[in-house]
Amino acid sequence: MQRIVNRHQLDMPKLGLGTWPMVGEECTRAVVQALELGYRHIDTAAAYNNEDAVGQALAQSSVPREHVHVTSKVWWDRLSPADMRASFDNTLRALRSDYVDLFLIHWPTQDWDLARTIDTLVSFKEEGRARAIGVANFPLALLREVVEDMKAPLAAMQVEYHVALGQVKLLDFARRHDMALIAYSPLARNSVAQMPEIQRIAAKHDVPPTQIALKWLLDQQDVAAVPKAGGRANQLSNLQSFNLLLDDEDRETIAALPKDQRLVSPPFAPQWD
Ligand SMILES: NC(=O)c1ccc[n+]([C@@H]2O[C@H](COP(=O)([O-])OP(=O)(O)OC[C@H]3O[C@@H](n4cnc5c(N)ncnc54)[C@H](OP(=O)(O)O)[C@@H]3O)[C@@H](O)[C@H]2O)c1
């Protein structure tokens, strides 16, 4: 599978398995199955309450741990240095691993000492317990502060990105700083299946609309995607999007779609740019 490799110690397959909102045995089963199908990138978080289930799957699977990229995240109410360290320790314990491949701050908050939070994040990388570090849901101004002013060696940002939500500014920033952009909710929570333009392109290629939406992301340089799929058929179908070849006409049609459909904006979300 195609990977994104950068100077911040990131080495990550472009397609990963999103695990929210699966928990417990359902999550373990889905991750074991995904690893059997060939997934080598799993996205979890402390807030998903499924790191233990992911850890169980990693232990159970015949795929060696070092062949799998695992991302996890610390929740926004645990961003004091002591809380963050405790949360990170829990993450490693639950994953039954002495490192994660990528560790992210899940959401920014206003109630923090930003410099100390970022120093703590960087310390996990220096200790070798997070191979790479990054942030999720940070707006551009905050990214500038962290990457350009504080010089934090961020390898990736994770943000909502799909055919109906543009991320031109963040993608440009990511590329200028040798960062990956990991698209979450890449299927717009499966609403892509209802979009007539996507349906038309899908019919032309004789594939499901979800594959069109995924391949549009995966074709972009420095962009990865973590669709959540519980069942085998959808996991396999999402993997098969790599076999599809979109043409210029398809890309023009997708580019012309409205790009303002943000689905994930909880009350604690920052002011988006
Ligand atoms: N950093 C953050 O703040 C953040 C926020 C949201 C999400 N995320 C991450 O991103 C992951 C994905 O995002 P998401 O779950 O919001 O949305 P998504 O991946 O866009 O959509 C998931 C939905 O699409 C369905 N689906 C998947 N593949 C399909 C296929 N081939 N055909 C038809 N339906 C299909 C899934 O159903 P089935 O399960 O039945 O297949 C599920 O209902 C999460 O699991 C999580 O790991 C991160």
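The model is predicted, so local features need pLDDT of at least 70 and side-chain atom pairs count only at pLDDT 80 or more, while totals for chains, interfaces and linings use all residues. Residues are numbered from 1 along each chain as its sequence is written, and side-chain values use heavy atoms, with hydrogens and water left out.

## The nonpolar cores

Let us start inside. A nonpolar core here is a set of buried Ala, Val, Leu, Ile, Met, Phe, Trp, Tyr and Cys residues joined through side-chain atoms within 4.5 Å. Buried means under 20% relative accessible area, exposed over 50%, and partly exposed in between, with a 1.4 Å probe and protein chains only. The largest core has 77 residues, and Ile 105, Leu 154 and Val 163 touch the most other members. Helix H1 (residues 24–37) gives the most to this core, with 7 residues. Helices (H or I, at least four residues) and strands (E, at least two) are DSSP runs, numbered from the N terminus.

What does Ile 105 touch beyond its neighbours within four places in sequence? Its contacts (heavy atoms within 4.5 Å) are Val 74, Leu 79, Met 84, Thr 117, Ile 118, Leu 121, Gly 134, Val 135, Ala 136 and Phe 138.

Helix H2 (residues 51–60) has Glu 51, Ala 53, Val 54, Gly 55, Ala 57 and Leu 58 buried. The cover over the buried residues of H2 includes H1, strand S4 (41–43), strand S5 (69–74) and H3.

## Aromatic pairs and charges over rings

Rings of Phe, Tyr and Trp (its six-membered ring) pair if their centres lie within 6.5 Å; planes under 30 degrees apart count as stacked, over 60 as edge-to-face and the rest as tilted. By this rule there are 10 aromatic pairs. One of them joins Phe 88 and Phe 103, a tilted pair at 4.5 Å centre to centre with 55° between the planes. This pair links distant parts of the chain, with Phe 88 in helix H3 (residues 81–95) and Phe 103 in strand S6 (residues 100–105), 15 residues apart. Phe 88 is buried, at a relative accessible area of 0%, and Phe 103 is buried with a value of 0%.

Trp 75, Trp 76, Trp 107, Phe 268 and Trp 272 form one aromatic cluster. Trp 272 also has Arg 262 over its face, at 3.9 Å from the ring centre. Elsewhere, Arg 131 lies over the face of Tyr 99, at 3.8 Å from the ring centre. A charge sits over a ring if NZ of Lys or CZ of Arg is within 6 Å of the ring centre and within 35 degrees of the ring normal.

## The largest pocket

Which residues are closest to the centre of the largest pocket? Among its 32 lining residues, they are Trp 20, Ser 185, Arg 189, Val 226 and Lys 228. The pocket has a volume of about 700 Å³, and helix H9 (residues 232–239) gives the largest share of its lining, 4 residues. On a 1 Å grid over the protein atoms alone, a pocket is an open set of points where a 1.4 Å probe fits, with protein on both sides within 12 Å along at least five of seven lines; lining residues have an atom within 4 Å of a point. Grid points are joined across faces, edges and corners, and the volume is the space filled by probe spheres set on the points.

Pro 21 is found in the loop between strand S3 (17–18) and H1.

| Residue | Phi | Relative accessible area |
|---|---|---|
| Asn 49 | about 55° | 64%, exposed |
| Asp 206 | near 60° | 69%, exposed |

Asn 49 lies in the loop between S4 and H2, and Asp 206 in the loop between helix H7 (196–205) and helix H8 (209–218).

Is Asp 250 buried or exposed? Asp 250, in helix H10 (residues 248–255), is buried, with a relative accessible area of 1%. Not counting residues up to four places away in sequence, Asp 250 touches Ile 201, Lys 204, His 205 and Leu 245.
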